[in-house]
Amino acid sequence: MIEQQQEFLEHRRYQEKEMSRKNDVVGLFDAVLTIEINTTELCNRTCSFCPRIDPEVYPNRNLHISEKTVRHIISDLQRLGFNKKVSFSGFGEPLLYKDFPWLIKEFRQHLPNVLLETNTNGDRLTSDTIKLLFDNGLNMLYINAYDG
């Protein structure tokens with residue numbers, strides 16, 4: 001287990017090193033390696049480290065990013081020449097977004113050089129879903145199981 005964790009950390013360090021080399025020109029976003037997007041405020045778990053564990057502090061709301069906002073973010077990232085990593089994660093379960101494969105496809109279509117990743121608890125994953133996400137342009141899929 002410790003060896004796997006070390007391999008993962010080495011992989012992430014390598015990834016960050018490579019991402020930081022992508023831009024030769026010094027610009028506003030050169031120091032930004034990852035843009036994190038929370039696609040939904042909905043989650044099907046209550047992990048001990050998450051504020052969602054206490055509904056009084058952070059209620060589980062059925063709010064989702066709009067298609068208009070998705071397109072606005074894509075447009076802004078295009079305009080800024082961002083070409084590093086977009087991570088779909090946060091305090092919601094990304095796969096509970098109504099059309100997550102569409103979202104991946106939109107980002108890939110308009111930002112072809114960006115690395116697209118998502119973090120999921122895996123509850124909604126099937127082999128068909130995984131294939132669809134990668135077919136639509138996802139580069140990396142992290143499954144985080146925090147239930148022991």
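Colleague: Which elements make the right-handed β-α-β unit that includes strand 1?

Modeller: In this predicted model, strand 1, helix 2 and strand 2 make that right-handed unit.

Colleague: And how does the chain get from strand 2 to strand 3?

Modeller: Strand 2 has Lys85 and Ser87 pointing one way and Val86 and Phe88 pointing the other, and all of them are buried. From strand 2 the chain passes through helix 3 to reach strand 3, and this β-α-β crossover is right-handed.

Colleague: What is the order of elements in the whole protein?

Modeller: Starting at the N terminus, the elements follow the pattern α-β-α-β-α-β-α-β. The protein has 4 helices and 4 strands.

Colleague: In what order do the strands lie in the sheet, and is the pairing parallel or antiparallel?

Modeller: The 4 strands form an open sheet in the order 1-2-3-4, with parallel pairing. Strand 1 and strand 4, the latter covering residues 140-143, are the edge strands, each of which pairs on one side only. On average, neighbouring strands of the sheet are turned by 20° against each other, direction ignored.

Colleague: How many bridges join strand 1 to strand 2?

Modeller: Strand 1 and strand 2 run parallel and are joined by 4 bridges. Thr34 has Lys85 as its bridge partner in strand 2, and Ile35 has Val86.

Colleague: How many bridges are there between strand 2 and strand 3?

Modeller: Strand 2 pairs with strand 3, residues 115-120, over 4 bridges, again in the parallel sense. Val86 has Leu116 as its bridge partner in strand 3, while Ser87 stands opposite Glu117.

Colleague: Now the nonpolar core. Which residues of the largest one touch the most other members?

Modeller: The largest nonpolar core has 22 residues, and those touching the most other members are Val86, Phe88, Leu103 and Phe107. At least two core residues come from each of strand 1 (34-37), helix 2 (67-80), strand 2 (85-88) and helix 3 (100-110). Helix 3 gives the most, with 5 residues.

Colleague: What is Val86 in contact with, leaving aside its neighbours within four places in sequence?

Modeller: Val86 is in contact with Ile35, Ile37, Leu77, Phe107, Val114, Leu115, Leu116 and Glu117.

Colleague: How many residues of helix 3 are buried, and which ones?

Modeller: Helix 3 is mostly covered, with 8 of its 11 residues buried. These are Phe100, Pro101, Trp102, Leu103, Ile104, Glu106, Phe107 and Arg108.

Colleague: Changing topic, how many disulfides does a search of the whole structure find?

Modeller: The search finds 0 disulfides.

Colleague: Are Cys43 and Cys50 buried or exposed?

Modeller: Cys43 counts as buried at 17% relative accessibility. Cys50 is buried too, with a relative accessible area of 10%.

Colleague: What about Leu141: where is it, and what is it in contact with beyond four places in sequence?

Modeller: Leu141 lies in strand 4. Its contacts, with neighbours within four places left aside, are Thr118, Thr120, Leu125, Ile130 and Phe134. Between Leu141 and Ile130 there are 8.5 Å in space, C-alpha to C-alpha, and the two are 11 residues apart in sequence.

Colleague: Why is Leu141 not counted as buried?

Modeller: Leu141 has a relative accessible area of 22%, so it is classed as partly exposed; buried means under 20%.

Colleague: Finally, what percentage of the protein's residues count as buried?

Modeller: Of the protein's 148 residues, 38% count as buried. Among contacts with a separation of 6 or more, 72% come from residues 24 or more positions apart.

Methods: Residues numbered from 1 in each chain as written. Predicted model: local features only at pLDDT ≥ 70, side-chain atom pairs only at ≥ 80, totals over all residues. Heavy atoms only, no water. Core = buried A, V, L, I, M, F, W, Y, C linked by side-chain atoms within 4.5 Å. Buried < 20%, exposed > 50% of the residue type's maximum accessible area, 1.4 Å probe, protein only. Contact = heavy atoms within 4.5 Å. Pairing = 2+ DSSP bridges. Axes fitted to C-alpha atoms, helices over the stretch in contact; angles between N-to-C directions. Right-handed = clockwise from strand over helix to strand, strands pointing away. Disulfide = S-S within 2.5 Å.
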